[in-house]
Amino acid sequence: MKILISHRFIWPDNANCGQLVWEIAKHFQSEGHEVDILSSLPSRNISSEKLNKKKFQIISKIKIRRMNLPIETNKPLQRIYNAIKIGLMVLLSTSKKKYDIILMTSVPPILGGLFAALSSKLFKIKFIYFCMDLYPEVGKFSKDFNNFFFYKLLSVIENWSCKQANSIIVHSKDMKRTLLNRLEGKKYNIELINNFSVSSSLEFKSFNRKFNLSKKKLNIIFIGNHGRFQELEKVIRAMSVIKKRKDIQLYMIGDGIKKKRLIYLAEKLKANVKFFPYLPVDVLKKIMKKADIGLVTLRPNMYKYAYPGKLMTYLECGVPIISNIDKKSEFIKNMKLFNYGFHVSIKNIKNLSDKLVYLSDNFSWKRKMQKNARNAYKRCFSQKIILYKWSKILNKNNL
């Protein structure tokens, strides 16, 4: 089969979703399919200047066409422009070459799916819509799409795109339920495939700072986006409550629009929190294996529209979880089923600080939960299991 995959960020960008898509593309190619990728030039933490300038590459027999898209962080008009540019390139690519399948992710939101659906309709191509997050619901939740008429317009567009899709991929039953609750959601063909832990990251800038994770401390780790949906300010304040407990240390690794604010807050409150940039996956996993517990936080109800991909890396490395995600979510139900973590509400920040003190004073939970975490990953989220599900979707759409 000839497959076109489009995602806003792809390897060697260090966004986890971009690396995940790259692994899926390599898997399809290894099964004998012809794979093309349409994305943007690498944007963050890339060491090779030559790589940044190449708009067309063939890597592992995969043809990658990269577009020069300006940075769009906190620039809504630029984000729309970039999305339209990617969408038009999808239309152009599918008009020139006869693809069997187009795999479009929800990044960029709404418009990416629209142009892929148009290509599917115009050129009789099977369309797989990989909804990593659910839009426009996430935009309404964040208040980016707060205008009633604008939200309705986006809902109509996304609904049409979803109805054109031969398969819609989401990460959880909660996300599937959200789609089914849409006005015409029962017409969608929805499939469940979660993420897996990516195996490696390539071409990153050198990292020289050392992590000294003491065995005498409770070492907490948070990886990923420092953004609007993670409630990380509450976490910092909870750490400040127990700042006299030098045996409890939080390491925050990643980036995001709130990172500067979080650093300022941690310094102001003298909380035991250390910040680090995005790291190569091989470095990150070595650190995680020395950590005692991993933090996963989301704003209330966000679980209906997204699923934290960091969980898989935690579990693969045998890191137990502490999370504030809603008790009724699939995330917490699975955590309790396999017994690899703790649920804690952070509506009152003292709940989190008290729990961390308890875990630091008594490590009897650690060894068993580490084993449970690894077992859960092997049973549910291993790369082999997830990629097999992708193969099934591909074969199903080739009938």
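Is D354 buried, exposed or partly exposed? At 40% relative accessibility, D354 counts as partly exposed, where buried means under 20% relative accessible area, exposed means over 50%, and partly exposed lies in between, computed with a 1.4 Å probe on protein chains only.

**Basis of the model**

This is a predicted model, in which local features need a pLDDT of at least 70 and side-chain atom pairs count only at pLDDT 80 or more, while totals for chains, interfaces and linings use all residues. Residues are numbered from 1 along each chain as its sequence is written, and side-chain values use heavy atoms, with hydrogens and water left out.

The pLDDT, which is the predictor's confidence in each residue on a scale from 0 to 100, averages 90 over the chain, and 94% of the residues score at least 70. Over residues 45–50 the pLDDT stays under 50, and for this stretch the model has 15 contacts beyond four places in sequence, a contact being heavy atoms within 4.5 Å. Residues 202–206 also have a pLDDT below 50, with 17 contacts in the model beyond near neighbours in sequence.

Helices (H or I, at least four residues) and strands (E, at least two) are taken as DSSP runs and numbered from the N terminus. Eight strands form an open sheet in the order 3-4-2-1-5-6-7-8, and their pairing is mixed; two strands are said to pair if DSSP finds at least two bridges between them. Strand 3 (56–59) and strand 8 (190–192) are the edge strands, each pairing on one side only. On average, neighbouring strands of this sheet are turned by 20° against each other, direction ignored, with axes drawn as lines fitted to C-alpha atoms, for helices over the stretch in contact, and angles running from 0 to 180 degrees between N-to-C directions.

Strand 1 (residues 2–6) runs parallel to strand 5 and is joined to strand 5 by four bridges, with S6 standing opposite M104. Strand 1 also pairs with strand 2 in the parallel sense, over five bridges, and here K2 stands opposite E34. Four of the five residues of strand 1 are buried, which leaves this strand mostly covered.

**Helix 4 against the sheet**

Helix 4 (residues 111–123) has 13 residues and should span 18 Å at 1.5 Å a residue, which agrees with the 18 Å between its end C-alpha atoms; the expected span is 1.5 Å times one less than the number of residues. The helix lies across strand 5 and strand 6, and runs at about 165° to strand 6. Among its buried residues are L111, L114, F115 and S120, and the buried residues of helix 4 pack against helix 3 (76–96), strand 5 (101–105), strand 6 (126–130) and helix 6 (148–164). Helix 4 is followed by K124, whose phi is positive, near 55°.

**Salt bridges**

Side chains of opposite charge can pair when their charged atoms come close. The structure holds 17 salt bridges, each defined by a side-chain nitrogen of Lys or Arg within 4 Å of a carboxyl oxygen of Asp or Glu. Three of these pairs are set out below.

| Pair | N to O distance |
|---|---|
| K97 and D36 | 2.9 Å |
| K163 and E184 | 3.2 Å |
| D354 and K350 | 3.0 Å |

D36 is buried, with a relative accessible area of 8%, and E34, D36 and K97 are linked in a network of salt bridges.

K163 in helix 6 and E184 in the loop between helix 7 (173–180) and strand 8 likewise link distant parts of the chain, 21 residues apart. K163 is partly exposed at 32% relative accessibility, and E184 is partly exposed with a relative accessible area of 21%.

D354 and K350, by contrast, both lie in helix 13 (residues 349–361), four residues apart, about one turn of the helix. K350 is partly exposed, with a relative accessible area of 45%.

**Strands 9 and 10**

Strand 9 (residues 218–225) pairs with strand 10 in the parallel sense over eight bridges, and G254 in strand 10 is the bridge partner of G224. Seven of the eight residues of strand 10 (residues 248–255) are buried, so this strand is largely enclosed by the rest of the structure.
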